[in-house]
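Hi there,

Here is the structure I promised to pass on to you. Have a look at it first, and then read my notes below.

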Amino acid sequence: MVNAVATGGVMVNGIIDLPAFQVALAYFFVLMVLIIVRLLGIKREKEIIISSIRMTLQLILTGYVLVYVFENPNPFITAGIIILMEAFAVHTVFNKFKGKLTKPLKSAIALSMSIGTLSCLVYFLVIIVRISPWYDPQYFVPIAGMLIGNSMTGISLGVKSLLEGLTTQRALVEEALILGATPQAATKSIINSTFDAAIMPTINSMVGMGIVFLPGMMTGQILSGTAPTTAIAYQIAIMLGILGAVAFTVILMLQLGYRTFFNTEDQLQ
Amino acid sequence: MTLFELIDVKYQNILDLPTLFIEKNKVVTIVGASGSGKSTILRMLNKMLSPTQGRILYHNIDLSLINSVTHRRQVTMLSQNPAVFEGSIRDNLNVGLKFQDKSLSSDNVLLGILEKVKLKKELDSSANTLSGGERQRLALGRVLLLNPEVYLLDEPSSSLDDEMEESIIQMVNEHVRREAKSLVMVTHSKGIAEKYSDVIIEISGGECCSYRGCNGERNH
């Protein structure tokens, strides 16, 4: 996966390697953007430089970590990486809604994120790809990243829509309760539109896939010499996996989450 | 027979009711200045709020032991500013039945209800275009359709003109007496209270200062 050592700009196994000097030439793009924003008077130079440096350092670090992890497959390291990814994803969602989430809702988010992504991940790796050993980091880490990353986006959209729904439609939920609705029936339309909002981006990206754009994973595999047919097989499987993980995570979050807006007396908190 | 009994009920610093009885099969009105806690009492009787202290008994059973949703289906409230749901007048009349998993009413029944609440509208027309008074009557119609044991009406005529107010209250009053139901109503109109109630409860500053039956006055 990772060709950390440059061998001088020649073909290795049919792939053109990128030596450090050639990569450095890509910073020409950054220079160009810097000149443009300077000329236009848009004060974004600092952000562009910092983000370019951060991206470079983070990826170099990740590259070397992955080289180590792939060369020394270990169930504990794989599990540790997954836990870190989950924690980071949950933390990102919490940060995004700072001060708006109650403790029970936070637990609902963390729980649905973990259960939703892990169950789909296990099915994907063990039943579909049939990796062996089960903790093979070369498959486990990138696939987990894709499922967790997409579920994180789905949950963020879901939480946003749920909070908005229960704020703007509070009077309707209250009216439904007054008329003898269960909390579940009172929030049904909010939950349905939330689920819709959370999975629409995944559905839309499936519609345009292969025609409007070539997805990142497939592009990466093709660039690294994999036959396009193999790359496509993986891409189809991963897209379906992402759809499943996003839907499962969001539905879990909603089922656990809507209850947190009510107390044990079925009153709105 | 006692319908509700309130024992040492407090709600935050809004209400403080050492004792209050509401009898079954009666028309009871709660009067008092705005902000005196009248609506809070109704919301507690409907279990939309729970007292911060004290107990409320319904048919001698502590409300905290009764499932809230089950209770709200027997003791149904019409709130002061009822929300109107997306959709037609038909949808809005049927929405309570839908929430309670009951079979929806036929158009004939719905038209009868519209006539009762004096709403001259088509069932298919949108509910969003109704005025405040029309919304209130639509919401009253939807509560009548649910046919609960106890009606809790919070200022059911606040957006109506005097003539409409009189005829709507009279209709509800007749309905309750004919069907042997109970009615607890909050109103700002002393005239309405005097004319239709068996018992008038006056609330002032969150406390019950007078409790008057139709056969004279009993002070607490």
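A word on domains to begin with: their bounds come from an automatic or database domain assignment. For chain A, that assignment gives domain 1 (1-72) and domain 2 (74-259). The C-alpha centres of domain 1 and domain 2 of chain A lie 29 Å apart.

Before you go further, please keep in mind that this is a predicted model, in which local features need pLDDT of at least 70 and side-chain atom pairs count only at pLDDT 80 or more, while totals for chains, interfaces and linings use all residues. Residues are numbered from 1 along each chain as its sequence is written, and chains are lettered from A and ligands numbered from 1 in the order in which they are written.

**Confidence**

The model scores ipTM 0.91 and pTM 0.83. The pLDDT is the predictor's confidence in each residue, from 0 to 100. Chain A averages a pLDDT of 90, and 95% of its residues score at least 70. Residues 1-9 of chain A stay under 50. For that stretch the model has 19 contacts beyond four places in sequence, where two residues are in contact if their C-beta atoms, placed from the backbone, lie within 7 Å. Chain B averages a pLDDT of 89, with 95% of the residues at 70 or above. Residues 215-220 of chain B fall below 50, and this stretch has 7 contacts in the model beyond near neighbours in sequence.

**Chain A as a whole**

Chain A has 11 helices and 2 strands. Helices (H or I, at least four residues) and strands (E, at least two) are DSSP runs, numbered from the N terminus. Along the sequence, the pattern is β-β-α-α-α-α-α-α-α-α-α-α-α. The C-alpha trace of chain A spans about 75 × 55 × 35 Å along its principal axes.

Two packed helices are described by the angle between their axes and the distance between the axes. Axes are lines fitted to C-alpha atoms, for helices over the stretch in contact, and angles run from 0 to 180 degrees between N-to-C directions. Angles under 35 degrees count as roughly parallel, over 145 as roughly antiparallel, 65 to 115 as roughly perpendicular and the rest as oblique.

Start with helix α4 (residues 75-96) and helix α6 (residues 137-168) of chain A, whose axes come within 10 Å and cross at roughly 15°. Because of that angle, α4(A) is roughly parallel to α6(A). Their crossing is right-handed; a crossing is left-handed if the near helix is turned anticlockwise from the far one by less than a right angle, and right-handed if clockwise. The residues of this contact divide into 13 nonpolar, 4 polar and 2 charged. In these classes, Ala, Val, Leu, Ile, Met, Phe, Trp, Tyr, Cys and Pro count as nonpolar, Asp, Glu, Lys and Arg as charged, and the others, Gly among them, as polar.

Next, the axes of helix α9 (residues 188-208) of chain A and helix α11 of chain A come within 10 Å and cross at roughly 170°. The two helices are therefore roughly antiparallel to each other, and their crossing is right-handed. Residues in the contact include A:Phe195 and A:Ile199 of α9(A), and A:Val246 and A:Val250 of α11(A). By class, this contact has 14 nonpolar, 2 polar and no charged residues.

Helix α11 (residues 228-259) of chain A also meets helix α10 (residues 216-223) of chain A, with axes that come within 9 Å and cross at roughly 155°. That makes α10(A) roughly antiparallel to α11(A). The crossing of this pair is right-handed. Among the residues that meet are A:Met217 and A:Ile222 in α10(A), and A:Pro228 and A:Tyr234 in α11(A). The contact has 8 nonpolar, 2 polar and no charged residues.

**Where the chains touch**

How many residues does the contact take from chain A and from chain B? It takes 14 from chain A and 19 from chain B. Helix α7 (residues 170-178) of chain A gives the most to the side of chain A that touches chain B, with 6 residues. That side divides into 8 nonpolar, 3 polar and 3 charged residues.

**Two backbone details**

The peptide bond from A:Ser132 to A:Pro133 is cis, with omega near -5°. A:Pro133 lies in the loop between α5 (103-129) and α6 of chain A. In chain B, B:Asp101 has a positive phi of about 55° although it is not a glycine. B:Asp101 sits in the loop between α3 (89-99) and α4 (107-116) of chain B.

Happy exploring!
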